[in-house]
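Subject: Structure handover

Hello,

Here is the structure I promised to pass on to you.

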Amino acid sequence: MKMKRVFSSLMALGLAATLVACGGDKAEDAKEKTDDKAAEAPADNKEAPAEGEEAKDDKAELESFDKQTSDDTLVIGAVQEFNGDFLQGWTNNSMDVKARRFLGIEGNNGYGTVVQDEGGQWINNMTILKEEPKTVKNADGSETTTYKIKEDLKWSDGTPINADNYLFGSLLHTYPSYQLVTGSTSIGDDPLMGYEAYKNGDKDTFDGLKKIDDYTFSVTVDASFLPYYEEAALRGYGPYPIHAVSENLAVAPEGNKIVAKDGYKPTEEEKAKYIENIDAQIAKNNEVFEEENPAPADDAKEDEKKAYKEAKKAHDEDIAKLEKRKTGDVDPTSMLIEDAMQKEYNEYRINPTVTAGPYKFDSFGNNMVRMSINENYAGNFKGEKPTIPHVILQYVNKNIAIDLLENGDIDIWEAEGEGPLVDQMRAAADEGKIGGYNTFERNGYGNVTFLTDRGATKYKEVRQAIAHLMDRNNFVQSYAGGYGVVTNGMYGTSQWMYKERGADLEANPEFKKYQLNLDEANKLLDQTPFKFEKDGKTPWDKKKADEEFAKNADGFDYYRYDETGKKLQVNQYGSDESPITTLISNQVPVNAKQIGMEYNVTAGSFTTLLDYYTNPKEDAEYTAFNMGTGFGTPFDPWYQYNSKGSDNKTRTNDPKADELTVKLRQTDPTKKEEYLDNWEAFEMWYNDYLPEIPLYSNQYHTGYTKRVKGFDINTPVWESEYQINAMSIEK
């Protein structure tokens with residue numbers, strides 16, 4: 001793995017001199033949950049080219065581009081290299097997500113019972129439903145919704161779809177060993193009645209699911225999950241292709257558990273493989289525990305020893321349960337379920353050949369996802385069906401993307417947010433070189449995100465100090481040009497909450513703006529343990545730091561330490577050659593020196609970034625990452641910032657966040673103003689706790705060639721993967 005330090009001392013010193021001089025500037029500016037975080041303009045992991053070489057390389061790449069467009073094939077340029085995970089729950093990036101939306105694995109083109117229209121409104125999908133769903137309020141406060149699907153629905157391979165398909169996915173992905181066996185981050189259907197008992201293995205039935213007949217089923221949302229502001233989102237259920245992962249599993253007649261088909265008997269070979277898989281689970285469980293729970297030293301504090309002892313006891317109990325499953329008769333159902341999990345991970349995840357969307361998966365290779373029209377597709381919720389025979393998602397170098405669009409080498413280039421490239425696209429449209437472009441506000445934002453439970457960034461004041469080392473206005477202007485604005489909270493400019501209350505939020509005097517200000521950053525660090533010189537006793541002196549920096553900025557070595565002699569050091573990882581990574585590396589490290597912080601920026605592949613971010617070690621080398629966040633639907637930050645949240649990658653553990661995220665999600669759907677009040681309160685918390693530094697939200701531009709027709713709807717929640725059913729290619 002090649003990595004490079006992104007830091008030019010001459011350039012940074014010159015920039016810092018200018019910025020420090022205006023450090024007190026008062027100028028002010030007016031996110032996929034995707035469970036999908038994507039770096040801004042990630043690129044190949046390669047050594048930085050010398051000056052002039054990059055343009056030369058781009059020209060050569062443009063001239064030798066492997067053109068895939070033809071009369072029956074639409075090519076969409078991909079801004080990122082694919083990870084190749086085409087199911088939710090693994091290291092998906094934005095292009096993996098786009099691919100599976102074309103396939104109908106997720107999103108508004110599949111056979112979900114509830115989908116979103118182009119305006120973001122939740123609607124029942126009457127293309128697949130035989131009648132409107134019926135929801136009843138139960139005496140215990142829970143709600144049961146009954147669905148009747150049409151009887152002629154088929155998978156892409158022609159296999160009929162029935163109620164079992166709509167129940168199986170929830171049963172499999174909520175099964176107790178699912179995450180352990182597959183390594184998925186998916187926690188299953190937590191809103192449903194009986195979730196905890198089924199997930200923890202206390203019951204072998206999932207009480208929130210019920211099969212009524214072959215084409216009718218019901219789902220019960222637990223009272224503890226209600227009210228829920230975007231309650232319609234809780235009623236969206238899609239089918240799962242059981243036959244793609246198992247020939248011998250079925251859904252029980254009651255619909256609340258997975259069973260082995262009648263007459264199935266495991267072979268000796270299957271039994272041996274099952275025990276082998278359990279041994280692998282035990283080994284992995286032990287490995288993860290030892291990595292995340294290092295044994296405390298003999299002189300450790302008593303509370304640390306107690307916490308370790310309790311964690312070790314729980315771990316040993318889990319291992320004992322696994323060991324017990326190896327003895328006695330092998331349960332054929334458990335064996336088949338875990339075999340299906342393995343098949344999902346090893347095969348279906350990377351080769352989803354059975355789908356229910358407008359296109360079916362052909363192949364993935366050479367950074368291209370090839371798809372063909374699904375002749376068994378019933379249509380989207382509008383009844384629209386695709387007419388373009390083939391679609392290819394092809395990774396391209398974004399530096400030449402608009403040139404490729406002009407040449408007709410690709411047909412669509414989406415969601416461009418970099419100012420100079422936007423200008424090039426608009427000029428190409430004005431000059432008639434391309435068919436046109438669409439614009440929409442971003443449903444997300446760019447950020448620097450932290451691990452808040454380890455390293456120096458576990459201190460709020462350190463995170464706030466870093467925010468004061470940046471001229472975010474400069475970042476926005478340099479990266480987005482006139483197409484972006486600085487943000488100060490977890491919001492994108494397209495969100496309805498921001499449009500209604502954003503001005504009030506920004507006007508609140510307690511809502512911090514985090515402008516470049518070294519004096520303020522220094523004051524914040526004085527509130528942390530890092531208040532000493534290297535001996536851990538002598539108070540760190542700002543005046544002395546200024547003198548040392550003035551004498552030798554490159555060789556500066558007068559940093560802050562805590563009383564144990566630990567240096568104040570923060571390491572950030574960014575996407576290789578990302579404009580944002582470069583902007584940060586040329587500004588923050590040199591500013592950090594002047595307040596006694598060593599700040600290092602390393603660049604590498606986005607896949608490596610995701611690994612460092614999502615699977616950090618206890619003594620993580622990197623605790624800061626520059627990324628971009630696209631908001632999923634519904635907007636529910638409980639998953640990201642509640643201490644129990646399944647997508648809490650920042651490791652936030654704050655009682656106020658726990659309180660506010662529950663309050664926000666459980667606002668009565670009829671009380672819009674109360675929801676907005678709760679949203680403001682959450683944004684105030686985020687702005688102060690700062691699990692991430694929000695950088696900007698921008699306007700996206702999507703360009704297309706002259707032969708592309710019908711791309712006339714394009715919104716933050718409706719891009720090419722959804723408009724594809726109304727698009728055509730002019731021959």
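Which residues does Thr-182 touch, not counting residues up to four places away in sequence? They are Trp-90, Met-341 and Tyr-345, where contact means heavy atoms within 4.5 Å.

Before the rest, some ground rules. This is a predicted model, in which local features need pLDDT of at least 70 and side-chain atom pairs count only at pLDDT 80 or more, while totals for chains, interfaces and linings use all residues. Residues are numbered from 1 along each chain as its sequence is written, and side-chain values use heavy atoms, with hydrogens and water left out.

Back to Thr-182, which is found in helix α5. Helices (H or I, at least four residues) and strands (E, at least two) are DSSP runs, numbered from the N terminus. Thr-182 has 5% relative accessibility, so it counts as buried; the cut-offs are under 20% relative accessible area for buried, over 50% for exposed, and partly exposed in between (1.4 Å probe, protein chains only). Its side chain reaches the backbone oxygen of Tyr-178 at 2.7 Å.

Two of the residues named so far lead on to other features. Trp-90 has the charged end of Arg-349 over its ring, 5.7 Å from the centre; a charge sits over a ring if NZ of Lys or CZ of Arg is within 6 Å of the ring centre and within 35 degrees of the ring normal. Met-341 is one of the buried residues of helix α9 (residues 332-348), which also include Glu-338 and Glu-344. The buried residues of α9 pack against α4, α5, β10, β11 and α7.

Now for the rings. The structure holds 40 aromatic pairs, counted for rings of Phe, Tyr and Trp (its six-membered ring) with centres within 6.5 Å; planes under 30 degrees apart are stacked, over 60 edge-to-face and the rest tilted. Tyr-479 and Tyr-696 have ring centres 5.4 Å apart and planes at 45°, so this pair is tilted. Tyr-479 lies in helix α13 and Tyr-696 in strand β22, so the pair ties together parts that are 217 residues apart in sequence. Both Tyr-479 and Tyr-696 are buried. Another tilted pair is formed by Tyr-612 and Tyr-622, at 4.9 Å centre to centre and 55° between the planes. Here Tyr-612 is partly exposed, at 22% relative accessible area, whereas Tyr-622 is buried, at 3%. Ring pairs also link Tyr-641, Phe-682, Trp-685, Tyr-686 and Tyr-689 into a cluster, and Arg-463 lies over the face of Tyr-689, at 4.6 Å from the ring centre.

Finally, the cores: the largest nonpolar core has 59 residues, and Tyr-111, Tyr-166, Phe-168 and Phe-217 have the most contacts inside it. Apart from it lies another core of 37 residues, including Val-448 and Phe-450. Such a core is a set of buried Ala, Val, Leu, Ile, Met, Phe, Trp, Tyr and Cys residues joined through side-chain atoms within 4.5 Å.

Best wishes

Notes: A polar contact is a pair of N or O atoms within 3.5 Å; within protein, one must be able to donate a hydrogen and the other to accept it, and residues adjacent in sequence count only if both atoms are side-chain atoms.
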